[in-house]
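Please read the following walk through one protein model with its sequence and coordinates open.

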Amino acid sequence: MKIKLLGTGTPTPSLTRMGSSHLIQIGDDVILLDHGPGAHHRLLQAGIKATEVTHIAFSHLHYDHCIDYVRLVLTRWDQGAGQIPELKVFGPPPIDDMTKKLFGHDGAFATDINARVNN
């Protein structure tokens with residue numbers, strides 16, 4: 001097992017500390033615990049592609065723990081749709097609702113997703 005701290009920051013913007021995120025690698029599983037602001041950049045610096053992430057779990061849904069979830073999901077979709085297993089997502093019960101509001105048919109990113117699929 002390998003554990004790497006991708007971010008240990010607070011909601012206060014910082015150029016040196018990213019939002020909360022921990023990377024855990026166990027065998028073929030690449031697990032993220034939280035994915036706050038800037039954590040996705042740190043994931044890339046650690047040499048891990050979004051398409052390699054297999055699980056994500058959220059401790060809670062404050063933006064400083066989950067804002068880069070959007071980037072992770074959209075990058076996985078853009079770079080691996082139909083080629084990689086579905087991301088396993090865990091978190092407090094509002095996570096399903098948040099995911100639908102972001103990526104569902106009428107979600108915040110529906111216009112972008114539809115434009116990329118239909119053009």
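Leaving aside neighbours within four places in sequence, R76 is in contact with A50, T51, V53, A81, I84, P85, E86 and L87; contact here means heavy atoms within 4.5 Å. The model is predicted, so local features need pLDDT of at least 70 and side-chain atom pairs count only at pLDDT 80 or more, while totals for chains, interfaces and linings use all residues. Residues are numbered from 1 along each chain as its sequence is written, and side-chain values use heavy atoms, with hydrogens and water left out.

R76 sits in helix α3, residues 69–80. Helices (H or I, at least four residues) and strands (E, at least two) are DSSP runs numbered from the N terminus. R76 is buried yet has no salt bridge. Buried means under 20% relative accessible area, exposed means over 50%, and partly exposed covers what is in between, with a 1.4 Å probe and protein chains only. A salt bridge is a side-chain nitrogen of Lys or Arg within 4 Å of a carboxyl oxygen of Asp or Glu. The nearest side chain of opposite charge to R76 is E86, 8.1 Å away; Lys and Arg count as positive and Asp and Glu as negative, with His and the chain ends not counted. What R76 does have is a polar side-chain atom 2.8 Å from the backbone oxygen of P85. A polar contact is a pair of N or O atoms within 3.5 Å; within protein, one must be able to donate a hydrogen and the other to accept it, and residues adjacent in sequence count only if both atoms are side-chain atoms.

D68 is found in the loop between α2 (63–66) and α3. D68 is buried and has no salt bridge, and the nearest side chain of opposite charge, R71, is 5.1 Å away. A polar atom of the D68 side chain lies 2.9 Å from the backbone nitrogen of H40. Beyond four places in sequence, D68 is in contact with H35, G36, P37, G38, A39, H40 and H41.

Two of those residues, H35 and G36, are also in the contact list of S20, together with G7, G9, D34, D64 and H65. S20 belongs to the loop between β1 and β2. S20 counts as buried because its relative accessible area is 10%. F58 is 38 residues from S20 in sequence and 10 Å away in space, C-alpha to C-alpha.

D34, one of the contacts of S20, is in the loop between β3 (29–33) and α1 (39–45). The phi angle of D34 is near 65°, a positive value in a residue other than glycine. With a relative accessible area of 6%, D34 is buried.

G9, another contact of S20, also lies in the loop between β1 and β2. At 16% relative accessibility, G9 counts as buried. Apart from residues up to four places away in sequence, G9 touches R17, M18, G19 and S20.

Next come the strands. Q25 lies in strand β2, residues 21–26, and is partly exposed at 25% relative accessible area. Q25 and K2 are 23 residues apart in sequence but 5.1 Å apart in space, C-alpha to C-alpha. Not counting residues up to four places away, Q25 touches M1, K2, V30 and I48.

L5 lies in strand β1, residues 2–7, and counts as exposed because its relative accessibility is 54%. M1, I3, L5 and I26 make a nonpolar surface patch of about 460 Å².

How many salt bridges does the structure hold? There are two. In one, D97 pairs with K101, the closest N and O atoms being 3.1 Å apart. D97 and K101 both lie in helix α4 (residues 94–103), four residues apart, about one turn of the helix. D97 is partly exposed at 41%, whereas K101 is exposed at 56%.

The other salt bridge joins D112 to R116, with the closest N and O atoms 2.7 Å apart. D112 and R116 are separated by about one helical turn, because they are four residues apart in helix α5 (residues 110–118). D112 is partly exposed at 29% relative accessibility, and R116 is partly exposed at 48%.

Definitions and conventions:
Patches are made of residues with over 30% relative accessible area and no salt bridge: like charges are joined within 9 Å, nonpolar side chains (Val, Leu, Ile, Met, Phe, Trp, Tyr) within 5 Å. Accessible areas come from the Shrake-Rupley method with a 1.4 Å probe; for residues, only the protein chains shown count as cover.
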